[in-house]
Amino acid sequence: MFAGMTGQITAGQFHEADGVEDWRSLYHLVSAYFKTGSFAKGIALVDEIGRLADETEQRHLNVDLRNAGVTVSLGLRNIALARRISAAARDLDISADPAAVQLINVTLDALVGTEVLPFWRAVLGYRQIGEDYLFDPSRRGPGFGLQRMDTARPQRNRMHLDVAVPHDQAQARIAAALAAGGRLVSDAHAPMWWVLADAEGNEACVATWLGRG
C-alpha cells in the first residue's frame with residue numbers, strides 16, 4: 001500500500017501504510033526510536049541508515065545517536081525509507097519502541113508577532129520558516145513558534161510548551177499529568193490537542209496528528 005508514493009501525504013495515510021509500525025507521526029515528521037543499548041550497536045545502525053540515505057539521495061533525515069538508542073526522523077512521504085530502516089534494525093537484532101518518541105515546541109502568544117520574532121531569532125540563534133516559526137539549525141533545541149492573539153490576556157501565561165506525542169500514548173500522558181497534580185484546561189480541540197495546566201496555571205498542550213488528516 002502506498003508503495004510508490006512520491007507526493008505529499010497526510011499522517012493518516014502514512015499510518016495506513018504497511019510496514020511502518022515502528023514509526024509515529026509528530027506534526028510534520030515521522031519518528032522512530034530504536035533501542036540499541038550501546039554506542040557500538042547504535043553506530044552500526046547509523047551506518048546502515050547512512051548507506052540507505054545515500055542510496056535514496058535522502059536529505060530530509062535526522063538521526064540522534066545516544067548510548068541507549070537511536071532516534072530517526074523523516075518526512076511523512078518517506079514510507080519506503082522508513083520500511084528499509086526498520087528492516088535494517090531488525091537485521092541487527094535491534095527493536096523499536098514507538099512510545100519513546102516525542103517532539104517539543106515552545107509557543108509564545110503575541111499581539112505583534114512579526115515585530116518580536118526578530119528578537120527571538122537573534123537571541124536563540126535560530127532560523128526562520130514562514131512568518132511565525134523558528135528552528136534550531138543544529139536540530140538540537142525545540143522549535144519556537146508564535147501564536148497570534150487578538151487581545152491581551154494578562155490573566156494567563158504568554159508562553160507554553162507544545163508536546164507532540166504518539167497518538168496511542170496521548171491518553172496515558174494526559175492521565176499521568178493529571179495524576180501528578182495537573183488539571184485539564186480544555187479538550188475543545190481533542191484529539192488534535194488538549195490544554196493542561198499545573199497547580200499554578202502554567203500551561204502545556206499535548207498534541208497528536210489525529211484530526212489533521
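The model is predicted: local features need pLDDT of at least 70, side-chain atom pairs count only at pLDDT 80 or more, and totals for chains, interfaces and linings use all residues. Residues are numbered from 1 along each chain as its sequence is written, and side-chain values use heavy atoms, with hydrogens and water left out. Helices (DSSP H or I, at least four residues) and strands (E, at least two) are numbered from the N terminus.

**Strand pairs**
- Strand 6 (residues 103–110) runs parallel to strand 9 (residues 143–148), with 6 bridges between them. Leu-108 is opposite Leu-146 of strand 9.
- Strand 8 (residues 133–135) is antiparallel to strand 9 and is joined to it by 2 bridges. Tyr-133 has Gly-145 in strand 9 as its bridge partner.
- Strand 11 and strand 12 (residues 193–197) are antiparallel, joined by 3 bridges. Ser-186 is bridged to Val-195 in strand 12.

**Helix 5 and Ala-170**
- Ala-170 is part of helix 5 and is buried, with 2% relative accessibility. Buried means under 20% relative accessible area, exposed over 50%, and partly exposed in between (1.4 Å probe, protein chains only).
- Leaving aside residues up to four places away in sequence, Ala-170 touches Val-165, Trp-194, Val-206 and Thr-208; contact means heavy atoms within 4.5 Å.
- Gly-141 is 29 residues from Ala-170 along the chain, and their C-alpha atoms are 22 Å apart.

**Surface patch**
- A nonpolar surface patch is made of Phe-39, Ile-43 and Leu-65, which together have about 250 Å² of accessible area. Areas come from the Shrake-Rupley method with a 1.4 Å probe; for residues, only the protein chains shown count as cover.
- Patch residues have over 30% relative accessible area and no salt bridge; like charges are joined within 9 Å, and nonpolar side chains (Val, Leu, Ile, Met, Phe, Trp, Tyr) within 5 Å. A salt bridge is a side-chain nitrogen of Lys or Arg within 4 Å of a carboxyl oxygen of Asp or Glu.
- Ile-43 sits in helix 2 (residues 39–56) and is partly exposed, at a relative accessible area of 41%.

Methods. Two strands pair if DSSP finds at least two bridges between them.
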